[in-house]
Amino acid sequence: MRKHKKNWVARIILFKLALFALLTYAVMLLWNNIVVDLFGLKSLSYFQALGLLILVRILTGNIGPKGFNNRSNYLSGKGMLQQRWKSMSRMKENNGRKGWGGEIGLLIKSTLASK
């Protein structure tokens, strides 16, 4: 039984490593075929693409299975911005619209109201 469990865990780890290697290769291909042509930047090697992928994951906070902060609350309608908007007074709400611009404030308000 234990041997089977160790084999299963090893397979999962190998699968995740292979998936990450494939993702790195995809980043390298996309960069070399799109960004180089559009912006005239240098092409990336595999290890540079790996570094770029890790850097993006660190900067966006997506490290680990659910990242540093579980962002599912933002997607489920229980997010911090939506809670703050609902708790605003009418005066703060109007000031927010002026600061964001009339159309953007109305767009955000209508989007939040539809949920």
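Trainee: Where does threonine 24 lie?

Mentor: Bear in mind that this is a predicted model: local features need pLDDT of at least 70, side-chain atom pairs count only at pLDDT 80 or more, and totals for chains, interfaces and linings use all residues. Residues are numbered from 1 along each chain as its sequence is written, and side-chain values use heavy atoms, leaving out hydrogens and water. Helices (H or I, at least four residues) and strands (E, at least two) are DSSP runs, numbered from the N terminus. On that basis, threonine 24 lies in helix α1.

Trainee: Is threonine 24 buried or exposed?

Mentor: We go by relative accessible area with a 1.4 Å probe, protein chains only: under 20% is buried, over 50% is exposed, and in between is partly exposed. Threonine 24 comes out at 0% relative accessibility, so it counts as buried.

Trainee: Which residues does threonine 24 touch, not counting those up to four places away in sequence?

Mentor: Touching here is a contact, with heavy atoms within 4.5 Å. By that rule, threonine 24 touches Tyr46, Ala49, Leu50 and Leu53.

Trainee: Which residues make up the largest nonpolar core?

Mentor: A nonpolar core is a set of buried Ala, Val, Leu, Ile, Met, Phe, Trp, Tyr and Cys residues joined through side-chain atoms within 4.5 Å. Helices α1 (2-39) and α2 (46-60) each supply at least two residues of this one. The five members are Val27, Met28, Leu44, Ala49 and Leu53.

Trainee: What does methionine 28 touch, leaving out residues up to four places away in sequence?

Mentor: Methionine 28 belongs to that largest core. With those sequence neighbours set aside, methionine 28 touches Leu44, Ser45, Tyr46 and Ala49.

Trainee: Are the rings of tyrosine 46 and phenylalanine 47 stacked or edge-to-face?

Mentor: Rings of Phe, Tyr and Trp (its six-membered ring) pair if their centres lie within 6.5 Å; planes under 30 degrees apart count as stacked, over 60 as edge-to-face and the rest as tilted. The count by this rule is one aromatic pair. Its centres are 5.5 Å apart and its planes stand at 85 degrees, so this pair of tyrosine 46 and phenylalanine 47 is edge-to-face.

Trainee: How far apart are the C-alpha atoms of asparagine 33 and serine 43?

Mentor: Asparagine 33 is also in helix α1, and at 51% relative accessible area it is exposed. Asparagine 33 and serine 43 are 10 residues apart along the chain, and their C-alpha atoms are separated by 8.5 Å.

Trainee: How many of the 115 residues in the chain are buried, as a percentage?

Mentor: Across the 115 residues of that chain, the buried share is 13%.
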